[in-house]
Amino acid sequence: MQLIFRGANILEAHIVAGLLEAHEMETYVGGHYLQGAVGDLPASDFAHVFVNDDDVDAAEKLIADYEAGKFAGVDDYSEK
């Protein structure tokens, strides 16, 4: 597995992992327990998302779309 995304926090890492999993990519989110271990220090660079080596290119494209805001405001359940 390769590190594909460094989240601002563990929640963002899980959001990105969910996006990748929705596109049939296996993910691993690391850093769950590090957030509480830092105590009074600023918590940063601990929420990581990993994908299989074969999925790196596709994951990078989806993450670029996520960071560009292409998924913001998308509501598949709204009535039209």
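**Ground rules**

The model is predicted: local features need pLDDT of at least 70, side-chain atom pairs count only at pLDDT 80 or more, and totals for chains, interfaces and linings use all residues. Residues are numbered from 1 along each chain as its sequence is written, and side-chain values use heavy atoms, with hydrogens and water left out.

**Stop 1: the whole chain**

Show the protein chain as a cartoon. It has 3 helices and 3 strands. Both are DSSP runs numbered from the N terminus: helices are H or I with at least four residues, strands are E with at least two. Along the sequence the pattern reads β-α-β-α-β-α.

Now colour by pLDDT, the predictor's confidence in each residue, from 0 to 100. The chain averages 84, and 76% of the residues score at least 70. Which elements have the lowest and the highest mean pLDDT? Helix H2 (residues 34-37) has the lowest, at 57, and helix H3 (residues 56-67) the highest, at 96.

Colour by accessibility next. Buried means under 20% relative accessible area, exposed over 50%, and partly exposed in between, with a 1.4 Å probe and protein chains only. Of the 80 residues, 31% count as buried. Contact means heavy atoms within 4.5 Å. Among contacts with a separation of 6 or more, 67% join residues 24 or more positions apart.

**Stop 2: helix H3**

Select residues 56-67. The expected span of a helix is 1.5 Å times one less than its number of residues. For the 12 residues of H3 that gives 16 Å, and the end C-alpha atoms are 16 Å apart, which agrees.

Show side chains. Val 56, Ala 59, Leu 62 and Ile 63 are buried. Seen down the axis of H3, the buried residues fall within an arc of 125°, so they line one face of the helix. The arc is that of the directions from the helix axis to the C-beta atoms. An α-helix has 3.6 residues a turn, so residues three or four places apart point the same way.

Turn to the other side of H3: Asp 57 and Lys 61 are exposed there. What do the buried residues of H3 pack against? Their partners are strand S1 (2-7), helix H1 (10-22) and strand S3 (47-51). Past the helix, pick Gly 69: its phi is positive, near 85°.

**Stop 3: helix H1**

Select residues 10-22. The 13 residues of H1 should span 18 Å, and the end C-alpha atoms are 18 Å apart, which agrees. Buried here are Ile 10, Glu 12, Ala 13, Val 16, Ala 17, Leu 19 and Leu 20.

Zoom in on Asn 9. It caps the N-terminal end of H1, with a side-chain oxygen 3.1 Å from the backbone nitrogen of Leu 11. After the helix comes Glu 24, whose phi is positive, near 60°.

Pick Leu 19 in H1. Its relative accessible area is 15%, so it is buried. Leaving aside neighbours within four places in sequence, Leu 19 is in contact with Leu 62, Tyr 66 and Phe 71. Draw a C-alpha distance from Leu 19 to Ala 59: 9.3 Å, for residues 40 apart along the chain.

**Stop 4: the aromatic pairs**

Rings of Phe, Tyr and Trp (its six-membered ring) pair if their centres lie within 6.5 Å; planes under 30 degrees apart count as stacked, over 60 as edge-to-face and the rest as tilted. There are 2 aromatic pairs.

Select Phe 5 and Tyr 66. Their ring centres are 6.2 Å apart and their planes at 80°, so the pair is edge-to-face. Phe 5 lies in strand S1 and Tyr 66 in helix H3, so the pair ties together parts 61 residues apart in sequence. Phe 5 is buried at 5% relative accessible area, whereas Tyr 66 is partly exposed at 23%.

Move to Tyr 28 and Phe 50. Here the ring centres are 6.0 Å apart and the planes at 45°, so the pair is tilted. Tyr 28 lies in strand S2 and Phe 50 in strand S3, so this pair ties together parts 22 residues apart in sequence. Tyr 28 is partly exposed at 48%, and so is Phe 50, at 22%.

**Stop 5: Thr 27**

Finish in strand S2 (residues 27-30), at Thr 27. Is Thr 27 buried or exposed? Buried, with a relative accessible area of 14%. Its side chain makes a polar contact with the side chain of Glu 21, at 2.4 Å. A polar contact is a pair of N or O atoms within 3.5 Å; within protein, one must be able to donate a hydrogen and the other to accept it, and residues adjacent in sequence count only if both atoms are side-chain atoms. Not counting residues up to four places away in sequence, Thr 27 touches Met 1, Ala 17, Leu 20, Glu 21, Val 49, Phe 50 and Val 51.
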